[in-house]
Structures are given as structure tokens and as C-alpha cells.
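Please find below my notes on the model shown here. They are set out as numbered points for discussion.

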Amino acid sequence: MLFSYNWLQSFFQNKLPTPKKLAEILTLHSFEVEGIKKIGNDFIFDLDITPNRAADCFSHLGIARECVALTSVKLKAQNVRIEEDKKTNIKDFIQVTVKNKNNCPRYTGRVIRGVKVKESPKYIQERLLSCGLEPINNIVDAANYIMLEIGQPLHAFDLDKIDGSKIIVRRAKNNEKIDALDDKTYRLDESILVVADSKRPLAIAGIKGGKSSAISKETKNIFLESANFNPLLIRKTSKKLGLKTDASFRFEHGMDSNMTELAIDRLARLINELGGGKIVKNRVDIFSKKTLPKKIKLDLIQTEKLLGLKISKKEIIKIFKSLGFEVDSKLQVKIPTWRLDITEKQDLIEEIGRIYGYEKITSVFPKLVLMPAQKNEEIIWQERTKNILKASGFFELYNYSFISKKIGDYLDSNLVELENPFSEQLYYLRPNLLINLLDNVSYKEKHFQKKEKIKIFELGTVFRKEVGEIEEKKMLAGMIFGDEDGFYVLKGVIDGLLQGLGMSDIFYDNFQATPDNSQRILWNLNKSAEIKINGKEIGFIGELSSRILSKLGVKVPVIAFEIDFDKLVGFCSEEQEYVKISKFPSAVRDVSILLPFRVKVAEVLNEINIAGGELVQDVDIFDIYEGEGLTEGRKSVAFHIVFQSKNRTLEGGEIDELFRKIIKALEKNADWEVRKEKYA
Amino acid sequence: MDIQEIKNRAEREIKSVQNIEELKKISQKYLGKKGEITLVLRSLKDWSEQEKKKNGKIVNQFKKKLLNDIRELEKKFQQEMPKDDTKEWIDITLPGKKNLIGHLHPITQVKREVEDIFERLGFSVVEGPEIETEKYNFDALNIPKDHPARDAWDTFWLKKPEKEKDRLLLRTHTSPVQIRYMEKHNPPLRIVAPGRAFRYEATDASHEINFYQIEGLMVDKEVSVANFKAIIGRFLEMFFKKSVKIRLRPSYFPFTEPSFEIDMSCLVCGGKGCSVCSQRGWLEMGGAGMVHPEVFKSAKLNPKNWQGFAFGLGLDRLTMMKYKIDDVRLLYSGDLRFLKQF
């Protein structure tokens with residue numbers, strides 16, 4: 001909000017500090033000065049007024065009061081003396097009725113007769129312009145000027161256009177309309193408060209005036225309004241109509257109802273100065289519920305404890321007095337009604353802190369009982385996961401938590417929807433991490449050479465609707481593209497990752513049909529697997545489906561994984577036990593076997609392990625071949641079988657016998673053909 | 001000539017050979033021009049056909065084996081021998097083989113650093129949900145409905161699913177974690193809560209619709225503004241690894257009283273004013289304050305018994321300051337040319 005330095009100076013006899021110095025003082029003790037602009041011989045301050053201080057500091061008077069508390073200036077008396085036309089009485093010109101007293105706690109009015117509407121003098125125009133308001137005519141400008149000076153929004157009506165000389169503050173009727181001063185027509189309803197005459201609404205209360213009673217060049221007699229409206233009501237109406245004005249902005253923060261009187265008298269006098277006329281005797285003043293100053297007792301010990309500062313009672317009393325608070329020796333404080341923000345002890349402590357100056361509070365480390373920080377297991381596993389993936393050559397990405405409407409609609413119906421989506425591109429909450437990672441891939445394709453092998457991952461939150469409730473899950477997902485051997489590379493990475501997190505029982509199972517259809521659309525089912533730990537599914541690995549790739553414009557095959565991270569953490573373990581290394585020699589036998597294409601290597605391994613028993617210490621695949629020289633639909637797989645005992649040296653004969661037993665077991669499968677035996 | 005004797009002797013000798021010199025001698029002795037085996041072979045022509053056939057095969061096979069053994073041993077000895085380094089050369093200016101190590105996102109790295117510092121200062125790291133109820137995000141933090149104070153938090157609201165009781169939103173700050181934690185734990189409390197938050201606002205070089213914050217909370221019998229200054233100052237010094245000045249400016253947050261903004265002396269100019277700090281000499285680091293009594297009440301703690309401070313820092317901002325990144329949107333762009341620098 002904009003404030004004029006010269007205007008502020010006009011509140012005082014003695015001089016303010018220089019603009020630069022004043023800006024520094026205000027920044028450290030009141031509000032941040034975001035900028036100072038020199039206009040003519042004036043300096044315009046852009047102050048960041050906090051919303052709690054709207055009632056007093058959305059005005060020059062409020063900032064002037066801050067200056068009094070912070071510098072040596074003294075405020076001039078604020079009361080106004082106005083000359084009223086003794087022969088007249090306002091009752092003869094206007095009758096005001098307030099129907100909804102809760103919506104309008106105070107309504108103050110004055111009448112001036114015989115004004116001359118014209119341009120405002122230069123100094124008024126300049127100040128309005130400097131503070132961001134357009135000059136219109138002397139009457140309207142005067143109302144705006146006083147609003148900027150005191151903070152009270154004001155409105156002037158053409159008295160002769162008020163039908164029946166009646167002002168009625170009431171709720172609008174449904175479908176009642178008003179042509180407002182912004183050249184727009186607003187359709188009203190019962191939730192909206194209006195200022196009406198006997199026939200129609202003249203203004204949307206506290207927000208905008210209407211055209212029918214607007215001040216024009218021909219206007220001679222005017223009715224001035226200085227009222228107080230319910231902040232909630234103004235806020236709701238302003239939102240409903242999409243209409244935010246200087247008045248509504250002030251009212252929705254709450255204004256001091258004791259301010260209307262001073263404001264209307266200042267306004268009447270200023271109009272009298274600028275446009276002549278005679279001020280009719282008396283004010284209309286409907287003040288249904290008087291606002292009285294609050295009283296709060298300050299607790300000195302609590303003050304010192306909270307600020308961490310030794311401060312004398314004398315100093316505190318001085319601070320309160322500088323702020324215009326009345327205070328007695330028991331530190332009972334009477335809060336002026338313009339300080340709507342002060343409602344409890346802590347608020348008073350804040351006043352002491354900021355006026356005294358936080359910079360004068362010395363840093364002191366807290367004296368506390370020793371309490372070691374607790375380890376957060378989830379974060380530890382999370383960071384370890386990231387480290388392992390980084391070591392495996394993955395880039396970590398942070399993507400938006402949103403996906404586009406287009407892709408969301410294609411995916412499924414359990415998406416979490418926003419009441420106010422940001423854009424078509426950022427429309428739903430992401431149900432998985434894969435979509436946005438894929439988007440990265442399509443983007444990368446454009447920026448990188450095709451041959452480059454790229455690995456990316458993300459650990460983040462995804463959102464889904466499950467039986468009418470929202471489920472938020474932490475997921476880990478990654479993908480490899482540009483690598484022909486991607487699946488096995490990625491499977492190796494996952495093995496390494498899971499082992500690195502302390503898991504041993506890792507198993508890759510066929511993709512199972514689940515009631516949740518959302519996964520099926522993502523994966524190429526023949527080239528994907530479920531990742532299982534201790535028999536429980538924790539995620540998926542495999543090639544992404546061609547439909548989803550083409551939907552996102554990705555032209556290369558992409559191998560991906562996605563793991564439910566919360567499930568994963570459940571299996572992570574720091575526990576480990578040393579397994580004795582056998583002192584006895586091991587022996588290796590190789591076997592090569594011809595298999596039908598769709599027989600899984602795991603089945604062969606299983607046979608070997610069962611037939612070989614505990615003396616088979618390890619089985620390694622060292623060759624897989626398919627193609628030339630083999631019957632179509634067959635593949636050849638070769639294994640090293642390592643035999644070893646924990647407690648003795650195995651004899652050659654024993655090993656050969658065991659090996660023959662294994663071969664026999666393998667040959668029991670009709671389609672399996674053991675090709676050759678090699679003794680190493 | 002006893003062929004068997006020569007064969008046995010040669011085999012014995014070759015088994016005990018220790019170095020390349022000895023090996024050369026043996027090779028000379030048996031296979032040289034005047035070597036014993038050479039001589040035997042040369043004398044074959046003098047033998048009878050029958051002997052020729054019988055012994056010739058044996059000798060030739062043995063010669064072959066011996067040659068093979070010598071070659072193998074030669075290789076072995078050569079490998080064991082130090083080579084002459086001076087004859088070798090590589091071009092050290094050729095580029096290194098592509099590094100296979102990946103990259104962690106800069107926010108991850110900064111988040112780790114920040115968490116680590118606070119842990120060393122005695123704060124436990126906790127997390128909270130990204131989808132929040134209106135109650136935790138606003139009401140319990142003393143930000144009433146239909147109050148202009150709420151305008152400071154432009155909110156993404158969720159369409160309400162049938163079974164959810166409360167109005168849901170994407171948390172606009174990490175502050176709800178304060179309430180969630182205080183509800184479940186009794187003071188004294190010292191926590192930090194990092195995480196993603198959301199604001200419905202136009203994006204530009206310094207604003208994103210999702211971003212990272214870290215919330216801090218210390219609650220005890222006596223915790224003061226002076227204590228907060230000490231803790232936050234120490235944190236900033238540890239993070240930026242240099243001594244910094246801090247100042248607190250009055251501010252307003254409904255959930256703290258008093259409230260302040262934390263300013264730190266500009267890292268570049270040290271407070272004199274430069275382009276980085278827009279000539280202010282100070283950099284805004286985040287908001288803070290003393291926990292509001294209403295917030296204690298929301299969490300079912302008696303404000304008469306407890307005091308505390310709370311603060312919120314922008315992790316994106318710390319990241320940008322640390323690496324001199326000038327556009328927050330880069331952090332969420334997925335641009336590998338950006339990410340591979342970290």
C-alpha cells in the first residue's frame with residue numbers, strides 16, 4: 001500500500017526523520033518498506049501492511065501513529081471543528097433506517113447543501129494519484145482523500161436523487177439489480193446488503209455505489225455516508241460478485257466503528273473547503289452496538305520469558321503510552337478501539353518486542369534437557385534408496401504433483417480431482433509417478449542423442465481415490481530407455497537396491513490380474529513382472545505398454561519399475577548376521593540344457609536345487625543362446641553348479657553321483673534335453 | 001640313447017625352473033641346435049624302420065609338449081617380470097570414459113544438509129501428509145474461515161469424495177505438521193518437518209505451484225525469542241558455512257504471536273547492498289514466531305504451561321541460494337542438462 005511522506009509529515013509539528021531513515025525504522029518495527037519512489041518533492045513509500053493491522057494502518061493516520069511510537073514526533077490534535085448551518089436540521093432532509101443491525105453496526109451520515117461540483121485542487125489530485133487513485137471530482141476525491149487519511153471508506157450520494165428522502169440499509173431482494181459506478185450491472189440476492197432508497201438499491205453496501213444517485217456536474221445537495229459493515233458479509237459479497245474495491249478491501253478486514261464520526265466531519269469540512277455549500281446541522285448516527293476499549297493486564301514475568309529479555313516496567317509503560325494506550329502502574333492496559341488486532345496478552349508482548357526492537361534482544365541458546373534427535377527410519381531408507389540408485393547411474397527428478405486432463409481421462413476414473421485445477425496441463429493429482437517420468441522421456445528424446453542410455457527415477461507422493469476416500473502414497477519409480485537389455489539391467493538394479501536395503505527373499509512373479517485395472521493399462525503384460533518380497537507384492541517392473549507410450553508420444557521402448565515405498569520400508573532391515581565361510585574346497589560342474597522358449601530359467605534352477613540338496617552351494621547361469629543352429633522355439637542355457645560342504649571335503653565320487661542325480665531330475669521333464677556334461 | 005631317461009630328466013628340470021634365464025638354458029639344452037632332443041631326432045635316420053616308427057612318435061610328441069610347456073612358462077615369467085614403463089605412453093587428454101554415477105536432485109541434497117544440521121542441533125525430522133484437511137491447514141492454525149488472512153495462502157481445493165468428512169486441500173505450508181505432532185506427543189518437543197507444499201498462483205522465476213518447505217518447532221517450559229535468534233542464526237551459519245548476521249522484522253502470521261520475518265545479511269555484499277539483495281543488504285529467509293496460544297489449544301496443550309517457537313524456511317530458496325540458480329522452475333523441469341550439474 002502506498003503512503004506519502006509529506007502527507008505523514010502533515011500530522012506533526014516537528015520533523016520526521018529523513019525518508020530513508022524513516023523507511024528503515026518502519027521496516028524494523030512496523031511494516032516492511034518495499035520501495036520508496038520520489039514524485040516531485042514527495043516520497044512515496046510502498047508499505048507491506050499486514051492484514052491484522054488493516055483497521056488502523058490502511059491509512060496515513062495509522063502510520064503516523066506508528067511514527068509517534070518510533071520517533072520523537074508528536075501528533076497534532078485530530079478533532080475537527082466544522083461550521084454547521086444552525087437553521088437547518090438533517091431530519092428535514094433524510095431519514096435513515098438500518099434493517100440489519102448485525103450487518104451494519106453503525107451508520108453515520110451528513111448532508112451538505114449547495115455544493116459546487118468541479119475539479120479538485122492540484123494538491124488533492126496529486127496525493128490521490130501518488131497513492132494510486134484516479135481523481136474524479138472534488139466531492140468523490142474528498143471522500144477518497146479522507147479514506148486514505150483516516151482509513152474509513154466513505155460515499156457521497158446526490159441527495160436529490162434519493163427517492164423519498166429515505167435511506168434504508170437492508171438485504172437485497174432476489175434478482176434485484178443495480179447499475180454500478182463501474183458501468184456494470186450486478187444481479188443481487190438476499191445474501192447481499194444494500195443501501196437503498198424507497199424504491200431501489202443505491203449502492204452495494206460497503207463495496208460500490210450505484211449510478212442512479214451518483215455525483216454529477218449538476219449535483220447541488222449531497223448526502224454523505226460513513227458506515228461500518230460486517231467484515232464477513234462484505235468479504236462474501238465481494239467474492240460472490242467478483243468485485244473488489246478500496247472500500248470492500250478495508251471493510252472485509254474489519255474497521256473501527258468509532259471512526260465514522262471523525263471521518264464524516266473531516267469529509268464534510270473538506271468538501272465545504274473544496275466545493276462550498278452549507279453543512280446541515282447534526283449527523284445521522286445509528287450506532288446499535290457501541291465498541292468499547294478492551295482492557296488487558298500484562299504479565300511482566302511472562303513478557304520476559306517469552307521475549308527472553310529483561311525489561312523494566314517503566315520502559316514498558318513508556319512503550320504503551322507512545323502507542324496511545326492507557327496504562328496504569330499495575331500494567332492494566334486500555335486498548336484504543338482502532339487496534340482491533342490486540343485481543344490478548346501475547347499481542348501486547350508483541351507490541352513491546354517490536355517497538356523495543358527485536359535487534360536489541362541478544363541471542364541466547366536455550367537451556368534444555370538433553371534429548372537426542374530421533375532417527376526417522378523412513379527418511380533413512382529413503383536416502384539410502386536414493387544413494388543406491390544414484391550409484392547405479394540414475395538421475396533423480398522432481399516432477400509436478402499434477403497430470404494433464406487428457407492423460408488423466410485416458411488412464412482411469414479413480415483420480416483425485418481439484419475444485420480449482422491450475423490448467424488443462426496440470427489438472428488431476430498424479431496417480432503414479434510413471435506418467436510424468438514418461439513425459440520427461442518424451443522431452444528428453446528431443447534434447448538428447450538417440451543412442452544415449454538414460455536412467456531416471458523419482459521418489460514422491462501419488463494420490464488416488466479408493467472407495468470414496470483419498471489415499472496418499474509414497475512411491476518410488478524409475479525407468480531406463482535406450483538400452484536393448486533394459487529389463488535385465490533394471491532387474492539387476494532392483495536386486496541390488498533391495499539387497500542394499502537388507503532384503504533377501506526377492507522374487508519376480510507373473511503379472512497377476514487384480515481388481516485394480518489401472519496397472520494393466522501401463523504395462524506390457526508379457527514383458528512385466530510383479531516384484532515380491534517375502535511373497536508379498538510391492539511393485540512392478542517391465543516394459544511399458546505401447547498404448548501408453550504412443551499416447552505420450554514416446555517412440556523408444558521404455559523399461560520401468562514402480563514400487564510402493566511405504567510397503568518397501570516395511571521390509572527394510574538393518575539386521576544382518578554373519579554366515580560362516582566354508583573352509584572346505586568347492587567343486588564346479590557345468591551343465592547345458594536345451595529348453596522350450598517359454599520355460600523359465602527359474603524352473604530349471606528350482607529342479608537343480610531340489611535334486612542337489614544342501615551341498616549345492618550356488619548355481620550360476622553363464623550362457624543363454626537362441627537362434628542359429630538350434631531348432632526354432634528352443635533355447636540353450638548353461639549353468640555352473642558349485643558344490644561345497646560346510647564341514648568336510650567332498651570326494652570326487654560323491655560329487656559325480658550328485659551331479660548325475662541332478663541331470664536325471666532335469667531329464668525327467670519331457671521337453672528338456674541335457675546337452676553335454678563338462679567336468680571342470 | 002635312453003629316450004625315456006632324457007624325457008624324465010627334462011620333465012623334472014622344467015618343473016623346477018625358477019626364472020626365465022634357467023628356462024632359456026633348458027630350452028637350449030634340449031631343443032637348441034645341439035640340444036639333446038634335437039640330436040635324438042637328427043639321429044632318427046640311422047635307426048631301423050621299426051624303431052623309427054616307435055620312438056619317432058614318442059620324441060616328436062614330447063618335443064611338442066616341451067615346446068608348449070616352455071612357451072607357457074615363458075609367458076608366465078614374462079608376466080612376472082617388471083615391464084619397462086618408459087616405453088609406454090597414453091594420451092591423457094582423451095576424454096574419460098562416461099561416468100556411470102547418477103545425480104541426486106539439488107533439493108534432495110539441500111534437504112539432507114538442512115535435516116542433518118537440525119538433527120545435530122537436537123531436532124527430530126518428521127513428515128506429514130500433502131493432502132490436508134481444512135482443519136489442520138487453517139482452522140487449527142488460527143486462520144479462520146472467511147478471513148482475509150487466508151488470502152495469503154492461495155489454495156488448491158480438492159473435490160470432496162463421498163466418504164471424506166472434512167474439506168480437503170493440498171497443504172499450503174508445512175505448518176499443519178506442528179498440530180499433528182503436538183496432538184500425538186507431549187512436550188518438550190524439537191522437530192523439523194520438511195516436505196512439499198502447494199500454492200495456486202501464477203508461476204514465474206521465483207514462484208512455483210509446488211515447492212518445498214521445512215517447518216521447525218521447539219516447545220518447552222521456557223523458549224524465547226532470544227532462543228530462536230540463537231538457533232536460527234546457528235543454522236544459517238552452519239548451512240552457508242560462513243558467519244552471517246540475522247535480524248527479525250515484525251510480521252503477521254495467525255499461528256504465531258509475536259511473528260517475524262527472518263532476514264540474513266546478504267551473502268554477496270555482506271550488507272552493503274548489491275544486485276543479489278536488490279540493494280537491501282538483507283535476504284529474506286522465511287517466517288517465524290512464538291507459537292500462538294490458540295495453536296496450543298488446537299493441539300490440546302495448555303498454553304499456560306508451554307512456550308515455543310515455530311519457523312518455516314523455503315528449501316527451494318535455500319537451494320537456489322546455495323547453487324546460484326536464478327529460476328525456481330528449473331528445479332521441476334526434469335531437464336537433465338540442469339540435473340547433471342549436481
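Is B:N142 buried or exposed, or does it fall in between?

1. B:N142 is partly exposed, because 19 other C-beta atoms lie within 10 Å. By the convention used, a residue is buried with 20 or more other C-beta atoms within 10 Å of its own, exposed with 12 or fewer, and partly exposed in between, the C-beta atoms being placed from the backbone. The residue sits in the loop between α6 (134-137) and β3 (168-170) of chain B; helices (H or I, at least four residues) and strands (E, at least two) are DSSP runs, numbered from the N terminus. Phi of B:N142 is near 65°, a positive value in a residue other than glycine.

2. The model is predicted: local features need pLDDT of at least 70 and side-chain atom pairs count only at pLDDT 80 or more, whereas totals for chains, interfaces and linings use all residues. Residues are numbered from 1 along each chain as its sequence is written, and chains are lettered from A and ligands numbered from 1 in the order in which they are written.

3. B:S278 also has a positive phi, near 50°. This serine is found in the loop between β7 and β8 (282-291) of chain B and is partly exposed, with 13 other C-beta atoms within 10 Å. Most residues other than glycine have a negative phi, and most peptide bonds are trans.

4. One joins B:P187 and B:P188, with omega about 0°; B:P188 is in the loop between α7 (176-184) and β4. Another joins B:E257 and B:P258, with omega about -5°, and B:P258 lies in strand β7.

5. Between the chains, 65 residues of chain B are in contact (C-beta atoms, placed from the backbone, within 7 Å) with 73 residues of chain A. On the chain B side, α8(B) gives the most, with six residues. That side divides into 34 nonpolar, 14 polar and 17 charged residues, where Ala, Val, Leu, Ile, Met, Phe, Trp, Tyr, Cys and Pro count as nonpolar, Asp, Glu, Lys and Arg as charged, and the others, Gly among them, as polar.

6. In chain A, A:R634 belongs to strand β31 (residues 634-643). A:R634 counts as partly exposed because it has 16 C-beta neighbours inside 10 Å. Not counting residues up to four places away in sequence, A:R634 touches A:L594, A:L595, A:P596 and A:F597. A:R634 and A:E34 are 600 residues apart in sequence and 77 Å apart in space, C-alpha to C-alpha.

Conventions
Contact = placed C-beta atoms within 7 Å.
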